Amino acid sequence: MDGGTAYVSGQVAFAGPDGPLLGKVGSDLDAEKAAGEAGKAVANGLYRLIETFGSLDVVQRVLKLTVFVNATAEFTEQPAVANGASRVLIDVLGDRGRHARSAVGVASLPLGVPVEVELVAKVAG
Amino acid sequence: MDGGTAYVSGQVAFAGPDGPLLGKVGSDLDAEKAAGEAGKAVANGLYRLIETFGSLDVVQRVLKLTVFVNATAEFTEQPAVANGASRVLIDVLGDRGRHARSAVGVASLPLGVPVEVELVAKVAG
Amino acid sequence: MDGGTAYVSGQVAFAGPDGPLLGKVGSDLDAEKAAGEAGKAVANGLYRLIETFGSLDVVQRVLKLTVFVNATAEFTEQPAVANGASRVLIDVLGDRGRHARSAVGVASLPLGVPVEVELVAKVAG
């Protein structure tokens, strides 16, 4: 938190009953499946904001979404993956969920998860 | 926008008449060519600011430039690529264009472009 | 600097007498060794703040730490590497050193160093 700016640590999708979904996008899973994981990861980011502030009412605007895709060297659909996260932000927060965004393919991610997302949000107070 | 802070989404170079320049830096194209693409990408970032604010007069300072280079595992000249973007910022904005910077090689980028850049800027108002 | 927010450029570990430690994490060096390099890199980030502000007294809070690990496609211990940087921030700054964090594996880094870190900090004034 910096005055009105909240930085949320990189988030991954919650583990399912069989553990987290792992794998490289472009070989082990496709963009559509990865978009679902991006959505779950950003939902965890919103959960962190609720933990910190008690609710999402304080969120005035999502300022920045960064989507790191654990991708092959040939993968080119990073925006399609990121859309899974963007949709959740808009669905939950409406116009307050609109954001600047970057999406890149990285070499590897913690645990071997396919997607990690980070958020910067403007908050009241 | 967060009060005086503007976040610009990741930008790539505009497509030429034959479509965008694609390829991996370190194999398909070299650092010098990629630096030119970084310059075009950051110019698009400035264009986004003009779209939002009407002109660059409101830009008090570029705070941060991040340069994602679609690079081979052996590529080490990320700073030379980023210089292409830094030069454009200084050329256009003078001292207001000075910035903190990070440059990293990523596994892959949208469409297969060689460079993506993102900007954070301090703006008046 | 944006009012109270300082952006520190991507930092790598200082070169030793034989030049900088180079290599890919997951093959050339392991997570523990890379964590040491992350710690040295973030110490350089603190040094930049001292250069700019005269001391670390002005640092009210580290807002964000991003750790880029020059990693193989199979590497999954990015958090262990990042811990090397987080520990230095807490050791030096105490509670003021607590931070949001992201850690990702990238394809390549400047010079071939194993780790690059960037910082955003809230500063007085």
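This is a predicted model: local features need pLDDT of at least 70, side-chain atom pairs count only at pLDDT 80 or more; totals for chains, interfaces and linings use all residues.
**Chain C against chain B**

I counted 12 residue pairs in polar contact between chain C and chain B, both residues at pLDDT 80 or more. A polar contact is a pair of N or O atoms within 3.5 Å; within protein, one must be able to donate a hydrogen and the other to accept it, and residues adjacent in sequence count only if both atoms are side-chain atoms. On the chain C side, β1 and β4 each supply at least two residues, and β1(C) gives the most, with four. (Strands are DSSP runs of E, at least two residues, and helices are runs of H or I, at least four, numbered from the N terminus.)

Residues are numbered from 1 along each chain, chains are lettered from A in the order written, and side-chain values use heavy atoms, without hydrogens and water.

Next I looked for a salt bridge (a side-chain nitrogen of Lys or Arg within 4 Å of a carboxyl oxygen of Asp or Glu). There is one across this interface: C:Glu118 meets B:Lys64 at 2.8 Å, N to O. In contact (heavy atoms within 4.5 Å) are 18 residues of chain C and 23 residues of chain B. I got about 1400 Å² of buried area here, meaning the accessible area (1.4 Å probe) that two parts lose on being put together, summed over both.

**Chain C against chain A**

Here chain C brings 23 residues and chain A brings 18. The buried area is about 1500 Å², with carbon and sulfur atoms giving 52%. Which residues form the salt bridge? C:Lys64 pairs with A:Glu118, with the closest N and O atoms 2.7 Å apart. I also found 12 residue pairs in polar contact. Several elements of chain C take part with at least two residues each, including α2 (78–93) and β4 (115–123). β3(C) gives the most, with seven residues.

**The largest pocket**

I then checked the largest pocket, which holds about 580 Å³ of space. (A pocket is an open set of points on a 1 Å grid over the protein atoms alone, where a 1.4 Å probe fits, with protein on both sides within 12 Å along at least five of seven lines; lining residues have an atom within 4 Å of a point. Points are joined across faces, edges and corners, and the volume is the space filled by probe spheres set on them.) Among the 27 lining residues, B:His99 and C:Val8 are two of those closest to the centre. β1(C) supplies the largest share, six residues.
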